[in-house]
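Please keep the sequence and the model in view while reading.

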Amino acid sequence: MIPWEKIDTAKIPGSDEELRLMRRGKEFSIKLGTNELMNNRLSGSEAALATLAAKQIETVGKPVVLIGGLGMGFTLRAALAVLGAKAKIVVSELVPAVVAWARGPMAEVFGDSLDDPRVKIRETDVGEIIRAQRSAFDAILLDVDNGPEGLTRKGNDALYNAGGLKAAKTALRPGGVLAVWSSGPNPAFTRRLKSAGFDVNEVNIRATGRGGGARHVIWMARKR
């Protein structure tokens with residue numbers, strides 16, 4: 001068995017927590033304490049975040065999509081595969097080192113996705129982008145934490161409370177979609193989405209995208 005090797009660490013802005021990038025052969029893992037946040041062998045549900053959202057806006061000729069959280073690029077690469085040549089994708093990543101890892105040790109995982117002309121990377125809090133916009137996006141895809149309860153950074157809770165959902169709804173165009181990834185169910189969040197005026201569909205999906213693995217949750221919330 002090949003042992004895990006620590007490649008780098010990075011502080012999370014606004015937090016005392018630290019991310020660790022680990023590698024074992026061609027397998028990469030990003031960890032926070034004892035929690036594995038992502039692994040390049042388990043990408044199914046993060047990719048589904050993009051494909052499910054893209055299906056909801058397939059009639060839009062020039063979709064503008066905001067992705068909160070670069071991570072290992074699963075959602076970005078899936079979005080590039082299913083959105084047309086006229087799409088624009090803004091990726092917001094709070095931790096600059098994560099972008100550096102994508103261009104450095106994980107460059108083979110990311111391929112040429114960061115250099116696609118449809119993509120713009122912004123090293124900032126996705127909440128700031130959302131709050132600064134009005135009717136700007138056809139879809140907002142959030143995978144910035146382990147779900148609606150902040151794990152990596154308590155400040156992420158502001159994305160999922162009543163104020164954060166109101167801001168997201170304002171930033172979406174009519175008929176736009178807020179898609180949120182979570183490691184597990186959260187009935188209170190489902191209720192908040194409905195109270196915020198979204199039409200909500202909760203999708204359970206395997207981490208691998210196939211028959212096995214943990215069950216993750218994706219909320220598809222459409223602006224009325």
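The structure is a predicted model, in which local features need pLDDT of at least 70, side-chain atom pairs count only at pLDDT 80 or more, and totals for chains, interfaces and linings use all residues. Residues are numbered from 1 along each chain as its sequence is written, and side-chain values use heavy atoms, with hydrogens and water left out. Helices (H or I, at least four residues) and strands (E, at least two) are DSSP runs numbered from the N terminus.

**The seven-stranded sheet**

- Seven strands form an open sheet in the order S7-S6-S5-S8-S9-S11-S10, and the pairing is mixed; two strands count as paired if DSSP finds at least two bridges between them.
- Strand S7 (119-122) and strand S10 (198-206) are at the edges with a single partner strand each, so one side of each has no neighbour in the sheet.
- From one strand to the next, the twist averages 15°; axes are lines fitted to C-alpha atoms, for helices over the stretch in contact, and angles run from 0 to 180 degrees between N-to-C directions.
- Strand S5 (residues 64-68) runs parallel to strand S6 (residues 88-92), and five bridges join them.
- Gly68 has Ser92 in S6 as its bridge partner.

**The four-stranded sheet**

- A further open sheet has four strands in the order S1-S2-S3-S4, with antiparallel pairing.
- Strand S1 (5-11) and strand S4 (35-39) are its edge strands, each pairing on one side only.
- Neighbouring strands of this sheet are turned by 25° against each other on average, with direction ignored.
- Six bridges link S1 to strand S2 (residues 18-24) in the antiparallel sense, and Glu5 has Arg23 in S2 as its bridge partner.

**Helix H2**

- Buried residues (under 20% relative accessible area; exposed is over 50%, partly exposed in between, with a 1.4 Å probe and protein chains only) in H2 are Phe74, Thr75, Leu76, Ala78, Ala79 and Leu80.
- Their cover includes S4, helix H1 (44-56), S5, S6, S7 and S8.

**Helix H8**

- In helix H8 (residues 187-195), the buried residues are Phe189, Thr190 and Leu193.
- These residues lie on the same side of H8 because they cover an arc of only 105° around the axis, taken from the directions from the helix axis to the C-beta atoms.
- Pro187, Arg191 and Ser195 are exposed on the other side of H8.
- The buried residues of H8 pack against helix H6 (157-160), helix H7 (162-171), strand S9 (172-182), S10 and strand S11 (215-223), where contact means heavy atoms within 4.5 Å.
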